[in-house]
Amino acid sequence: MIASASPNIAFIKYWGKRSSTAWHDRNIGLNPSLSLTLSQARTETEVRRRSAGPSAVFINQQPASEKDSQKVLTHVREICRELGLDPQSAFEIHSKNNFPQGTGIASSASAFVALTLATLGEVLGREQARSYLTVKNSELSRLARCGSGSAARSVAGPFMKWDGEFATPIASTWKLRDTILIFSREHKQVPSTEGHERVLSSPLYQERLAMRVRPRLAAVENAIAQRDLHLLGPLIEEEAEEMHRVSESGLPPVIYQKAETRQFIAALKAQTSRDFYFTLDAGPNLHVISERPVRGEMEALLHKLGITAEIWEDWTGEGPVLHS
Ligand code: DP6
């Protein structure tokens, strides 16, 4: 069975998770978060049962590393176990992204949703698997979350709210764009899984958790309900900067931004009036959120600053698809 899914960009960040030992307790966020589901970046994953031979995993047409294979196969086996099926069946799995990895586009979110849905399709059949896109969507989110926390929010669109354990869609007709400025394709030195752990040591973390995240999330929800970009924009910028400030004050600090990131943010903030706002995840690349295409303006600003960056344009999406 083949399924595809898109990443999401968080307006309120999942940053810090509960420690866990059991598979079904994995990646439960310590705070609620909220995101925009994208549409252009996709991961497509095929899962097929093998009648003979061992399981095999391919990512972007290459045999996956031992570590990635284990992660993928553990996920598939645990889903089988939860469904009361034989977890020892052999599978052949092919996963590919249409977007470059390591670009600040959260590939683990789209990867685990596509993998979860394709696995359900393969072991339960198409009709039953389709119910995970409708009535059982929160179950799809729960299973995908066990692979990667942010995947909990890539199971539907256009916006998703995740209380840390269960995610629900926010209905809206608001179309937003995400213009991603890729300053670096280097793999991040501190993977987000480790970032979630290290951030707990920051003296700023508890205050963020207790005082700031929930009111900001409520304000973001209100801005979405009003479809008001000028309300939303400052909130997402404040949130992204807080996430990075908290990470940078951890012991040891985690620094994701590059000089170009800081320079570009400073130039954006210096503009007296604008209708595009930034956010960034656990990496140096910038997501510029707007209602209209802004690629031309971003290119002009990059040129003025003497910075080179690749650009990926994306926009609002509706979530995963079960193909065949
Ligand atoms: C900064 O979902 O990648 O993008 O659960 O360990 O796989 P794991 O982490 P991951 O964390 C994403 C963190 C973030 C913010 C967000 O997407 O909310």
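Where is the place of Asn27? Asn27 sits in the loop between strand 2 and strand 3, where strands (E, at least two residues) and helices (H or I, at least four) are DSSP runs numbered from the N terminus. The model is predicted, so local features need pLDDT of at least 70 and side-chain atom pairs count only at pLDDT 80 or more, while totals for chains, interfaces and linings use all residues. Residues are numbered from 1 along each chain as its sequence is written, and side-chain values use heavy atoms, with hydrogens and water left out.

**Ligand surroundings**

- The ligand is surrounded by 17 residues, with Tyr14, Ser148, Gly149, Ser150 and Thr193 the closest, a residue being near if one of its heavy atoms lies within 4 Å.
- By class, this shell holds 5 nonpolar, 8 polar and 4 charged residues; Ala, Val, Leu, Ile, Met, Phe, Trp, Tyr, Cys and Pro count as nonpolar, Asp, Glu, Lys and Arg as charged, and the others, Gly among them, as polar.
- Helix 5 (residues 192-198) gives the most to the shell, with 3 residues.
- For polar contacts (pairs of N or O atoms within 3.5 Å), an N or O atom in the side chain of Tyr14 is 2.6 Å from an oxygen atom of the ligand, and a backbone N or O atom of Gly149 lies 2.7 Å from a ligand oxygen atom.
- A polar side-chain atom of Ser192 lies 2.9 Å from an oxygen atom of the ligand, and the protein covers 94% of the 460 Å² of accessible area that the ligand has on its own, as given by the Shrake-Rupley method with a 1.4 Å probe.

**Aromatic pairs**

- The count comes to 6 aromatic pairs, for which ring centres of Phe, Tyr and Trp (its six-membered ring) must lie within 6.5 Å, with planes under 30 degrees apart counted as stacked, over 60 as edge-to-face and the rest as tilted.
- The rings of Tyr14 and Trp162 are edge-to-face, because their planes stand at 70 degrees, with centres 4.8 Å apart.
- This pair links distant parts of the chain, 148 residues apart, with Tyr14 in the loop between strand 2 (8-12) and strand 3 (33-37) and Trp162 in strand 8 (residues 159-162).

**Backbone geometry**

- Most residues other than glycine have a negative phi, and most peptide bonds are trans.
- Asn27, although not a glycine, has a positive phi of about 60 degrees.
- The peptide bond from Gly157 to Pro158 is cis, with omega near -5 degrees, and Pro158 is found in the loop between helix 4 (137-145) and strand 8.
- Leu251 and Pro252 are joined by a cis peptide bond with omega about -5 degrees, Pro252 being in the loop between helix 7 (229-248) and helix 8 (259-270).

Definitions and conventions:
A polar contact is a pair of N or O atoms within 3.5 Å; within protein, one must be able to donate a hydrogen and the other to accept it, and residues adjacent in sequence count only if both atoms are side-chain atoms.
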